[in-house]
Amino acid sequence: MVSSTRQSGAPVWASPVCLVLTAIGIGLATYLTIAHYDTHIPLVCAAKGAIDCEAVTTSPQSKVFGIPVALLGLAYFVGMIPWHLPVAWRSADPRIKFGRLLYGLSGIGFVCYLVYAEAVIIKKVCLWCTGVHITTLVLFVVTVFASALAIPHDAATDEDDDDDDLEDADN
Amino acid sequence: MADGRDDKGRTSTKYAAKKAATERIAAQRAAQQRADRKRNLLMAGGGVLAVIVVIVGIVFAGLHTKKSAGASDVLPASSAVSQAVATVATSSLSAQPDLSKVTGPPSAMTTPALKASNGLPQILYVGAEWCPNCGATRWPLAVALARFGTFSGLSTTYSSSTDNSAPHIPTLSFRDASYKSSYIDFDAKEQVDGNNKPLQSLTTAENALFEQYGGATPGQPGYPFIDFGGKWRQNGTSYAPTVLSGLTPDAVAATMGNATSKPGAAIQASADVFTAEICDMTGGKPTNVCTATAVVTATTALASLAAK
């Protein structure tokens with residue numbers, strides 16, 4: 001009789017690394033969101049050459065459908081937490097695995113738009129925003145490779161399976 | 001026996017077969033897992049590489065378009081420009097303006113004021129991004145308005161580089177700007193962009209006002225046109241746009257606080273005249289602005305300036 005627990009086979013470092021990166025993203029997005037709503041808190045960012053945080057964060061592209069991009073970023077990272085909990089990484093449910101990848105990919109899509117807005121439309125770079133973009137990218141890369149290394153298997157039943165296989169061999 | 005040997009110590013044939021099968025299956029599984037991992041890693045690497053290529057491509061496109069940027073590019077104002085507008089609005093209030101720099105006079109008018117939805121009297125600005133006179137006028141207008149409220153989303157650009165009279169004048173654009181004030185409403189319409197393509201349209205009431213007082217002739221719209229609550233209007237520039245020739249928007253921002261510089265003197269004096277006109281709209285509010293030295297001087301001079 002087989003009483004197996006299907007496991008994802010994801011590397012043990014996947015969850016803690018991703019949660020740390022998510023925490024960094026939350027920290028950066030929180031700072032940008034507070035600076036957006038509270039004008040008394042300036043962004044610590046020297047305006048020099050192409051670097052000008054304020055020009056980026058007060059530009060028309062700093063809002064999407066009237067919602068500040070900083071707030072969307074914060075919501076994105078908060079929504080990322082459940083995908084990277086240890087229990088989620090242990091699960092072999094393909095809906096979780098591919099849902100997590102799709103969620104990360106949506107973030108990358110948004111980062112592409114924001115990089116386009118900075119590089120092509122605004123022609124200024126916001127260092128704090130770039131920090132968020134890099135965090136999103138690194139988090140996506142880690143998620144992709146950890147998912148690639150995850151080969152689902154019946155963790156608690158290797159022995160049982162072997163026995164079954166041996167029975168087959170007997171026959 | 002538990003180790004697969006019979007009573008005489010001989011290895012059971014059945015057990016050996018089982019062991020061999022176990023090892024064979026384990027080896028097959030391990031090989032399969034290695035193959036799966038290798039395939040997944042290749043796919044992951046390809047996906048990540050594609051994402052990085054897209055991002056690098058976007059940055060490259062940004063660098064490339066920067067090199068070929070024309071005069072009509074409209075970019076969000078740098079923080080230096082936005083801060084300079086707000087700073088000069090306050091710092092220049094106590095100075096004595098050199099009103100001789102105001103070469104484009106205001107005109108008095110008596111027409112019902114346009115009203116915003118919140119009931120505040122409205123200032124209507126109508127201009128074009130290619131227009132050098134608009135380019136010169138936006139700076140003092142922004143400074144004057146910053147004395148009554150706050151701007152956000154200002155842009156910077158240049159007027160047409162092919163205009164013979166005053167090419168490539170560094171300026172602000174109001175196309176994406178929003179303005180908040182407790183005293184007045186500001187409605188800015190950049191009718192066309194730097195390539196003379198339609199940008200922002202006027203309402204029926206605005207268009208009627210513009211047609212009546214804008215000084216437009218067929219094919220020659222009278223840019224810029226500013227209606228100060230039906231009490232005053234500005235037709236054309238308030239000072240010579242060539243004062244700003246050769247400067248960048250950041251350079252104008254850096255110099256307009258200095259009243260001894262040509263751009264600073266012209267922008268501050270024009271801003272004081274605009275402020276006096278706005279004070280006429282607001283009934284002298286706020287008092288710290290409307291009773292300031294620069295504004296009192298401009299208010300006193302309004303009648304004579306209008307008679308120029």
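Residues are numbered from 1 along each chain as its sequence is written, and chains are lettered from A in the order in which they are written. In this predicted model, local features need pLDDT of at least 70, side-chain atom pairs count only at pLDDT 80 or more, and totals for chains, interfaces and linings use all residues.

Chain B contains eight helices and 10 strands, these being DSSP runs (helices H or I, at least four residues; strands E, at least two) numbered from the N terminus. Of its 308 residues, 39% are buried, that is, 20 or more other C-beta atoms, placed from the backbone, lie within 10 Å of their own. Among the contacts in chain B with a separation of 6 or more, 73% join residues 24 or more positions apart; a contact requires C-beta atoms, placed from the backbone, within 7 Å.

Leaving aside residues up to four places away in sequence, B:Val143 touches B:Val85, B:Val88, B:Ala89, B:Ile267 and B:Ala271.

Turning to the interface, 32 residues of chain B are in contact with 26 residues of chain A. On the chain B side, α1 (13-67), β1 (75-76) and α2 (79-91) each give two or more residues, and α1(B) provides the largest share, 23 residues.

Note on methods:
Contact = placed C-beta atoms within 7 Å. Buried ≥ 20, exposed ≤ 12 C-beta atoms within 10 Å, placed from the backbone.
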